[in-house]
Amino acid sequence: MTAVQHTDRLYAGELAKLRESVLYMGAKAEEVLGRGMQALAERDVEGARRLIALDEQIDELEVQIDDLALLILARRHPVASDLRLIAAVLKIVTDLERVGDLGVNICERVIELAAAPTMEGQADVLELGALVGAMLHDALDAFVRADEALARDVLDRDSEVDSRFARIFEDLVARMMQGPQNVDRATRLQSLARYLERIADHATNVAEMVVFMVKGKDVRHSQRGTRG
Amino acid sequence: MSGAAEAKVATTSLSAHHGAVEAVRGVTMQVARLEVTAIVGPAGAGKSTFLRCLNRLHETKPGARVEGRVVIDGVDIYHPEVDPAALRRRIGMVFDRPQPLPGLSIGENVLAGYRLAGERAERPDGVVEATLRRVDLWDEVKDRLSRPAAVLAAGEQQRLCIARCLALKPEVLLLDEPCSGLDPIATARVEEVLNELRRQLTIVLVTQSLSQAARVADTTAFFHEGELIEHDRTDVVFRNPRDPRTENYLTGRFG
C-alpha cells in the first residue's frame, strides 16, 4: 500500500504472506466459478465433479489465513493501514469461502442439467457467469493493488448483475409456463442464476473492504450509486 | 483537530531552542480540558522539550530559549507577571525515572511539594491518605508510611511521584515517559491511575509506547523533527492517520 518498507522485515514478510494467501484463495474461488461455467457450457460432468474437491482447499485456506491474521494481531498489534488490512482480510476470506460453497452448488446443478438437453435460456446464464467472474477477478485485483477506483468500479457493476438476474428469472418462469417438460431445467437454471447473483454480492463485499482498507471509509450499506 | 473539546492549554507557533538547536518548531496545538493527550514520535522529535515548555521548565536550562505563546485558561504563561514557581505548582510534572526525594519517608514524600509551596494542612495525615488513595497506593503503603520511599518498587515509586504532584492539586499533569522503566503490570497500574484522573485534571503524556497512547489517550499528537505533524482523536490516529509520516511511524515503516 505504501512504497516504504517495514523496519521489521519479519513483520513485512508476514503481511506479504497474508496478502499472497488471500490472492491464492481468491484464485481458487475464481477457478471454481470459471471452470463451473465452462462445465455448464460443455456439459462436462466429470469436470464439475472434480471442481467440488477444490472447495475443500478453499475451506482449508480460510482456516490458515484466519490463523495467520490472528497471529499477526497477537504479535504485532497492527495499527493504521496494517490494521485495516487485517480487518479487511478477516472479512474477505469469509466471502471467498462462501463463493467456494456456491461454486459447489453450481457444479451440482451442472451435473443435474447435463442429463437433459440444453435449454435456450442457458446462454443468458453463461453471460451472467462471465460478468460475475469479471467482478470477482477485479475485486481481488483491487485488493492486491490497493486500487480504490477499481473497487468502486466493481461496486457499480452489481446493479447490472441484479437486473440481469431478474430478467433471467422472469424469462425462465415464462419457459416453465410453456410446458411442464421445461420445469426441471428452468428451475435449475434459475438456481444457477441465483448462485451467480450471490457470488456477485460477495465480490461486492470484497470491493467494499478494499475501499475500507485503502481509504479507511466504510461504504457498506450505502445507497447504490452514492457509495462514498 | 476535529471535534476538539474546549482547550485547557493552547500553544501558538511555539518554538524551543537548546542553544542553536531548534528542538520544537512552530507548534500550534490545543490540549483539551480534562482529557488525556498523548504525544508520540521518534527520539529527537521534540516531545519532551515541548512538554517542558508547558510549565516553563525548559527555560531553566542554560542556553534554552522559547518563542511563541503558551496560553493556559486564557493566560499567557510567559507573560512577565507570571511567577514560574507558582505556575509549576498548577502544572505538575512526572519524569521518566521515578524520583522520590531521598532521605524522606513515603509520607513525607507525598507532602514535600505541598510544604515547599507553603501549604499547611490541618490534618496532614488526611492529605497523605487521600492523595495516596488517588494513585491506588494507600493499601500497599499505609502500614509503612514512615519508611524511606526508596524501599518501594519502581512502579510504586512512580505512583508516589504522581501523588506528590497531586497533593498540590494541580490543574494539569505533565508526564514524560512515566512508564519507560516499568514492567507491564506496574505500567498497567500507572495507566489505571491516569484513567481515574482523566476527568479530574488535564493530562499530557509523552510516551514511546504507541500501545500506551492507544490505551490511555483521548487524543494523540504525532511529533516529528520538532514539528506537530498530526493531532486527532486517538481512534482516528491509530486507524486512519492522515499524514503519511504518521502512518509510517505508527506502522514501523521507513522510506
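A pocket is taken here as an open set of points on a 1 Å grid over the protein atoms alone, where a 1.4 Å probe fits and protein lies on both sides within 12 Å along at least five of seven lines, and lining residues have an atom within 4 Å of a point; a volume is the space filled by probe spheres set on the points. The model is predicted, and local features need pLDDT of at least 70, side-chain atom pairs count only at pLDDT 80 or more, and totals for linings use all residues. Residues are numbered from 1 along each chain as its sequence is written.

The second largest pocket has a volume of about 330 Å³. Its lining comprises 14 residues, of which R76(A), H77(A), V79(A), L210(B) and S211(B) are the closest to the centre. Helix α8(B) gives the most to this lining, with 3 residues. The largest pocket holds about 560 Å³ of space, and among its 23 lining residues R88(B), M93(B), R164(B), C165(B) and L168(B) are the closest to the centre.

Across all chains there are 3 aromatic pairs, a pair being rings of Phe, Tyr or Trp (its six-membered ring) with centres within 6.5 Å. The rings of F222(B) and Y249(B) have centres 5.1 Å apart and planes at 25°, so this pair counts as stacked (planes under 30 degrees apart). This pair links distant parts of the chain, with F222(B) in strand β9 and Y249(B) in helix α10 of chain B, 27 residues apart.

Conventions. Chains are lettered from A and ligands numbered from 1 in the order in which they are written. Side-chain values use heavy atoms; hydrogens and water are left out. Helices (H or I, at least four residues) and strands (E, at least two) are DSSP runs, numbered from the N terminus. Rings of Phe, Tyr and Trp (its six-membered ring) pair if their centres lie within 6.5 Å; planes under 30 degrees apart count as stacked, over 60 as edge-to-face and the rest as tilted.
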